[in-house]
Amino acid sequence: MKRAAVILAAPLLMAQAKPVLVPDVSQREIRIAYSFTGAELLLFGAILYPGGRLPDDKHPTDLVVVVKGPVQSITVREKEKLAGVWVNAEALRYRSAPSFYAVASSRPVNQIVDDRTRAIYELGLDSLQLSPASSAPPPVHDRFARGLVDLRRRAGLYYEAPGAVEITEGVLYRTRVRIPARVPVGQFTAETFLIRDGKVLAAAVRDITVEKTGFERFVARAADRHAFVYGLAAVALSVLLGWGAGRIAQRV
């Protein structure tokens, strides 16, 4: 009897099961050398549906891919013009802001999920959960948050790409994310979200490591581990180069 009940219930259980994402990325490691001009990541994968049944056209699925860099503390300063000179004015520090953020989606994110879901999963630049270090009033926080996003957008470190995720036959998907030359090093994550009817049905994460190599790696480690000695060496090198340039100028 138990076996018969299990067999009869199997189709119902399969119908209730959720789809599974199988993502991958073209590069798990990005190495930055002196000639590094940026990289392009190919993020791709497959959607495994229960029983192999694809959703009907009335309930299509969407995909959102979010690539994030390591969080960092940052201080955002406003500039104001005083007596014809631009000077630093009010400032606000954030304890944790992603150093890199890119979101690619099959459609504009605001057409896929509501504002609450976007805020929960941080889907979109206007849904980033930044952590201000001070209890600034909401209008002030919003102003500085917009300024931070705008600065990093112009530097190529933050961007959105609606419609950049291609879904083939409802099963295979792919998209490309540009990594700029100024990208920070550290551990990155590539999160993929499968969404239908405004609900996140499945999610998967892949890790990406960005690190420096060669002389750049040596300099970065020296600055991090021996900051005082590194500072002295930098000052000495600057003095030496200035003295050398002066001597050359005198001979000319």
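I note here that the model is predicted.

**Entry 1: the pairing around β11**

I next looked up the strands that hold this pair. Strand β3 covers residues 39-48 and is joined to β11 by eight bridges. The two strands run antiparallel. I then asked in which order the strands of their sheet lie. The order is β1-β3-β11-β10, an open sheet of four strands with antiparallel pairing. Its edges are β1 (20-25) and β10, each of which pairs on one side only. On average, neighbouring strands in this sheet are turned by 20° against each other, with direction ignored.

**Entry 2: strand β2**

I turned to β2, residues 29-32, and asked which of its residues are on the covered face and which on the uncovered one. Ile30 and Ile32 form the covered face, whereas Glu29 and Arg31 form the uncovered face. I also looked for the partner of this strand. Four bridges link β2 to β13, and these two strands run parallel. Glu29 has Thr209 of β13 as its bridge partner.

**Entry 3: the nonpolar core**

I recorded that the largest nonpolar core has 55 residues. Which residues have the most contacts inside this core? They are Tyr94 and Phe100. In soluble globular proteins, nonpolar side chains tend to be buried together. I then listed what Phe100 touches, leaving aside residues up to four places away in sequence. Among them are Val67, Leu157, Tyr158, Tyr159 and Phe188. Phe100 also touches Val177, Arg178 and Ile179.

Most residues other than glycine have a negative phi. I therefore noted the exceptions with care, since a negative value is what most such residues have. Glu169 is not a glycine, yet its phi is positive, about 55°. Where is Glu169 found? It is in the loop between β10 (166-168) and β11 (172-179). Is Glu169 buried or exposed? Glu169 is exposed, with a relative accessible area of 70%.

Asp197, also not a glycine, has a positive phi near 55°. I located Asp197 in the loop between β12 (186-196) and β13 (199-212). Its relative accessibility is 53%, so Asp197 counts as exposed, for which the cut-off is over 50%.

How values were computed: Residues are numbered from 1 along each chain as its sequence is written. This is a predicted model: local features need pLDDT of at least 70, side-chain atom pairs count only at pLDDT 80 or more; totals for chains, interfaces and linings use all residues. Side-chain values use heavy atoms; hydrogens and water are left out. Buried means under 20% relative accessible area, exposed over 50%, partly exposed in between (1.4 Å probe, protein chains only). A nonpolar core is a set of buried Ala, Val, Leu, Ile, Met, Phe, Trp, Tyr and Cys residues joined through side-chain atoms within 4.5 Å. Contact means heavy atoms within 4.5 Å. Two strands pair if DSSP finds at least two bridges between them. Axes are lines fitted to C-alpha atoms, for helices over the stretch in contact, and angles run from 0 to 180 degrees between N-to-C directions.
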